[in-house]
Amino acid sequence: MKAWQFTGTDKPLELNEVPEPHAGPGQVVVQVKAAGVCHSDVTALDDAGWMPLFFELPRTMGHENAGVIIEVGEGMDHWKVGDRVGLAPVMSDGDALGYGKWDGGFGPQLLATDDNLVKLPDEVSFELGAMATDAGLTAYHAIMAVGGAKAGMKVGVIGLGGLGYIGARVAALSGAEVYGAEVNPETRKLADEIGLAGVAESIDAFKDKDLDLIVDYAGFGTTTSAGIETLAEFGTFVQVGMGRLEATINTYPIIINQLTIKGSKSGTKEDLENLYALMKSGELNPPMNIITQAEIPDAVDKLRAGGVVGRFIAVYE
């Protein structure tokens, strides 16, 4: 089978012939039906700071996946051939699909374990199921589990792309009053669909709203700084986005407003199950751009250029 592989920083993805996987003890083989293309794929390709995550090269990328189990290994009898599944990307040892020693879904088959297998309801498409595994899982965990968004809270969301759209929508569905910041004017048009109380190009437009929580799904340095300077007293800032791996911040508001700053990475299988329940209800239906496996490098280039509305999802026949 052919898979798009990472071979090093500043190198394009390579379409290589790779062997089909076979399930060992504690493993299953998943036929990938849909794989998301994430902005972190772009930064992994472009930023040498990501190299420590790759234990050996080449590595098949793609950490947002959903599909069907086609082979079951020893000790995995609680899963069956034909089961529809989504794959939480992070393993129990901290490794992740598409990075360390686990190939991802930019190839048509991959290995999975109980660490990341989650049943995908019949009512949820493979495309939505794949998006939920990272864009959804990471967004949900950051704003709900780490940030503690709830009814009555005033929440700011920076970046309304794949992650931010879901984070903001989930917070709005929880009853929070949500304000969004997004540089892309086309994406700002989704404000009503998300359920935002307000939207602007930068989060500091809402300094007068006394925001209790701000989650930065963009992470471009200036967004981190603006978020910290916008929070209300005793507010919480959660950093998720990794558009840049450095930020220059003003420590004055951290001290004077006694702020809490947290980081959030990925999420749990329970988070993914909660997301699938929301998607099953029809209340969470983020925008997507459906592509083929052959178009994955083009999607990466478009994400690199910016201005994309919705998540790129590669669909396998």
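These legends walk you through several close-up views of a predicted model.

**View 1**
Start here to get your bearings. The C-alpha atoms fill a box of roughly 55 × 40 × 35 Å along the principal axes. Of the 317 residues, 57% count as buried. Contacts also reach across the sequence: among those between residues at least 6 apart, 70% join residues at least 24 apart.

**View 1. The largest nonpolar core, built from 50 residues.**
Which residues have the most contacts inside this core? They are I143, V155, I166, V178 and Y217. Several elements each supply at least two residues, including strand 5 (64–72), strand 9 (154–158), helix 3 (162–173) and strand 16 (311–315). Helix 2 (126–146) is also among these suppliers, and helix 2 gives the most, with 12 residues. In soluble globular proteins, nonpolar side chains tend to be buried together.

**View 2. I166 and the residues around it.**
I166 is one of the residues with the most contacts inside the largest nonpolar core. Leaving aside residues up to four places away in sequence, I166 touches M131, A135, G136, A139, L275, L284 and P286. A second, separate core of 36 residues is also present, and V30, W50, I291 and F312 are among its members.

**View 3. The second largest pocket and its lining.**
This pocket has a volume of about 220 Å³. Its lining is made up of 15 residues, and those nearest the centre are M1, P19, P21, D103 and L111. Strand 7 (residues 109–112) provides the largest share of the lining, three residues. What kinds of residue line the pocket? Seven are nonpolar, five are polar and three are charged.

**View 4. A cis peptide bond between L57 and P58.**
Look for the bond that joins L57 to P58: it is cis, with omega near -5°. P58 sits in the loop between helix 1 (39–46) and strand 4 (59–60).

**View 5. D10, a residue other than glycine with a positive phi.**
The phi angle of D10 is near 65°. You can find D10 in the loop that runs between strand 1 (2–6) and strand 2 (14–17). Is D10 buried or exposed? Its relative accessibility is 60%, so D10 counts as exposed.

**View 6. D210, a positive phi in another loop.**
D210 is not a glycine, yet its phi is positive, at about 50°. The loop that holds D210 lies between strand 11 (198–200) and strand 12 (213–216). With a relative accessibility of 49%, D210 counts as partly exposed, because the exposed class needs over 50%.

N285 belongs to the loop between helix 8 (269–281) and strand 15 (288–291). Its relative accessible area is 49%, so N285 is partly exposed.

Technical notes
Residues numbered from 1 in each chain as written. Predicted model: local features only at pLDDT ≥ 70, side-chain atom pairs only at ≥ 80, totals over all residues. Heavy atoms only, no water. Helix = DSSP H or I, 4+ residues; strand = E, 2+ residues; numbered from the N terminus. Buried < 20%, exposed > 50% of the residue type's maximum accessible area, 1.4 Å probe, protein only. Core = buried A, V, L, I, M, F, W, Y, C linked by side-chain atoms within 4.5 Å. Contact = heavy atoms within 4.5 Å. 1 Å grid on protein atoms, 1.4 Å probe; cavity = no way out; pocket = protein on both sides within 12 Å on 5 of 7 lines; lining within 4 Å. Points joined across faces, edges and corners; volume = space filled by probe spheres on them. Nonpolar A, V, L, I, M, F, W, Y, C, P; charged D, E, K, R; others polar.
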